[in-house]
Amino acid sequence: MFEITDYKRSFELEKAYLAETIEIIRRELAAEAEALAKRRDKIIGLRAEMWRNTAYASQDFAKLTEINQYLAEVDSQTTSYLLSSTRLKKYQKMLSAPYFGRIDFREDQSSEADKIYIGLANVIDPKTQNIQVYDWRAPISSLFYRSGLGQASYEAPMGKISGEVLLKRQYKIKDGKLEYFFDSSIRVTDEILQELLARNASPQMRNIVETIQKEQDIIIRDTTSDLLIVQGIAGSGKTSIALHRVAFLLYEGPSGSLSPENILIISPNELFSAYTANVLPELGEENVQQITFHNLLKLFFKKRFVLESREEQLEHIHQSPLRQEAAAFKGSREFVQILDRLLRYYARKKIPFEDLYYHGQIIATRQELKSKLLNSKLDIPLNRQLSRLKEQVLAKIKTLQKTRLQQIEKFVNAGQQHPFDAESFSRLLSIKRTRPFLEQLKQMTHVDYWQVYKLLFTDEELFFKLAKGIPLPDRIQEIITDTAYNLKQGLVCCEDAAALAYLYLKVEGSKSFSEIKHVVIDEAQDYDSIHYTIFKLLFPESRYTILGDLNQTIAKNLDDSFYDEIIQLLQKTNPNKAVLTTGYRSTYEINRFTQKILGRGQAGSFARHGEEPQVVAAENEQMLLASITQDVGDFLKQGYNSVAIVCKSRAQAEKVYADLKGSLPVKLVTPNLKAMEQGVMVIPVYLAKGLEFDVALVYDANEENYASELERKLLYVACTRALHQLKVYYTGKASPFLKQA
């Protein structure tokens, strides 16, 4: 412990270091602003000069080289401009709080300790070239997150560096002023974390660089695993960790060669994408691509089908056991096996191979064509194989086409009856007579994945033939009938869309994501085996970071073997699994309550205490709504910025919204909402996944709404959205899971 006089002396020294750092940042800001203006003027000048000197060069082939030189220079200057702009934004962010931590580290065989200040990015004094602030992603910064005082080491590019941590300090800096600091002996101490967790919820996820814990830092800095699976309880920071991992990989990377264009984040929905969109820019990394699986499908299918969304699917699954059974079956490895058999069958039996004749001469027999396709060793999509066949056939007829054209020209010249040029007329006649041959060839060398899939469900005999030896659902006959009807109407259910995407990739292939080297998949438990098979086809060479929570599976039942199946499907050589067991979002009391809903003992919980969750019984729906109205008003008066009324379904949320909008300033959260807002929100539970609110009010958790094992998970998800306060309401009889809690 510091004596007061020691603290005052250190405080003055720290104030001086902060002032010095801010002055360096201000000078760098001014320099970058000046450089940015010069680069902007240079780009404008280059473009103007290019236009003046090469305006008509498109018709002057001698000037093409000159155009390319201009374009290369413009590209170079534009890249420099963007880098300078990024640095400018970074320095602007750091003016308010240049750093948040410090360690004093003395390397072995060294007599002096280095003072390592840690912030969002490197700050280097241009006069001395000394590092004033280290980027939180720098190798030495890992000591701040992982080590206490005493002997420690970190992995540097040249190998392990060992030494001793002599001091570990955290700062509270606001608007460029040092408010306080404190020293810790073991890890990132609880004071800062307590303060951050006690804040109200934000409409956008915040970065956590100040409070990364040891187990989180290990995940973030993992550069050896080509498949990293993270299982974490609700509120353990999975998504934050994934985004910070992306920022780290862009800084470090397994080979130092990753750029934002090489990373793809697959988000559960657009609302969640909007909620997390600010984290990477805050960390100084921009232009990382995010996409939902639904939007990924749209890239393949264009506007060919009416696609059901994931949210619509969840609505139906929780209302229809048949739909739940169908979705589970069509997402399974067994169904993928049936699809593979279907493709082989289609290639053998359904492609209309015929003998090909040109000018009375046989080019290829149907047996030859079929044999070449079926015996091909090329592991490429079906239509690409057929395209190769087509090219081989066209190569064969080239000589014959030339001979045929000569014969037609002789015939035309002999007739001397055609007023046009004999050669041109002969070519037109040749093309006309060749057209039926080309149409016949086209029909044999192109497969429509949509027709392939429809065949599976319109020919029941074929379906059961292909499914021989594969376990099928009890209600498979109903599933086949319903699917055939929907496909006939042009309606594609969410689970059918995944199957169609698989067939699309096997038939057409895709190079849309060839530049992707690392894929982040959030809410991993919401995807099925068929989805991971699709990911394998789309990103065959990519590394993966996959995050999930088996307790938040709301459409099926899973166990730990699910992650082993992902490893098998993605076929990576160095997979790794990490488990996060401490929750940071909710208070200790809320965490204890939600664990009892799952029927388990208390999981790890950060010791932030608050009020016990309340379970409120109401005589009827009107009384329930009256209680919620009263409680919402009270919570708003207490200063909470976000209150979520969490409903089981969209239909229930729409009804609650209609009932409350006259008495409360409520907003209805829909899948199409582009950004989270503060205030009072009515939200279906499946849209609330991954989000957090100051207060969560769970609507009508009675035994009708929450009784099955899947509904237990829904209730768990609903309750774990709360940071500070949780109330659960019910009419009639309470859900059996509430009785456990």
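**Sheet, helices and hairpins**

Student: What order do the strands of the open sheet take?

Tutor: The order is S20-S25-S24-S21-S23-S22, 6 strands with parallel pairing. Strands are DSSP runs of E, at least two residues; helices are runs of H or I, at least four, numbered from the N terminus. Two strands pair if DSSP finds at least two bridges between them.

Student: Is this model predicted, or what is it?

Tutor: This is a predicted model: local features need pLDDT of at least 70, side-chain atom pairs count only at pLDDT 80 or more, and totals for chains, interfaces and linings use all residues. Residues are numbered from 1 along each chain as its sequence is written, and side-chain values use heavy atoms, leaving out hydrogens and water.

Student: Which strands sit at the edges of that sheet?

Tutor: Strand S20 (614-618) and strand S22 (666-668). Each pairs on one side only. S22 is joined to strand S23 (residues 679-684) by 3 bridges. Val666 has Val680 as its bridge partner in S23.

Student: Which helix packs on the sheet?

Tutor: Helix H26 (residues 709-719). It touches strands S21 (642-647), S24 (693-698) and S25 (722-731). Contact means heavy atoms within 4.5 Å. The direction of H26 makes about 145 degrees with that of S24. Axes are lines fitted to C-alpha atoms, for helices over the stretch in contact, and angles run from 0 to 180 degrees between N-to-C directions.

Student: New topic. H19: buried or exposed?

Tutor: Mostly covered: 13 of its 14 residues are buried. Buried means under 20% relative accessible area, exposed over 50%, partly exposed in between (1.4 Å probe, protein chains only). Just after H19, Gly509 has a positive phi of about 75 degrees.

Student: How do H10 and H11 pack?

Tutor: Helix H10 (residues 310-317) meets helix H11 (residues 321-330) at about 130 degrees, with axes 7 Å apart. That makes H10 oblique to H11. Under 35 degrees counts as roughly parallel, over 145 as roughly antiparallel, 65 to 115 as roughly perpendicular, and the rest as oblique.

Student: Which residues of H10 make the contact?

Tutor: Gln313, His316 and Ile317.

Student: Which residue has a positive phi in the S6 and S7 turn?

Tutor: Asp175, at about 50 degrees. That hairpin has 2 residues between its strands.
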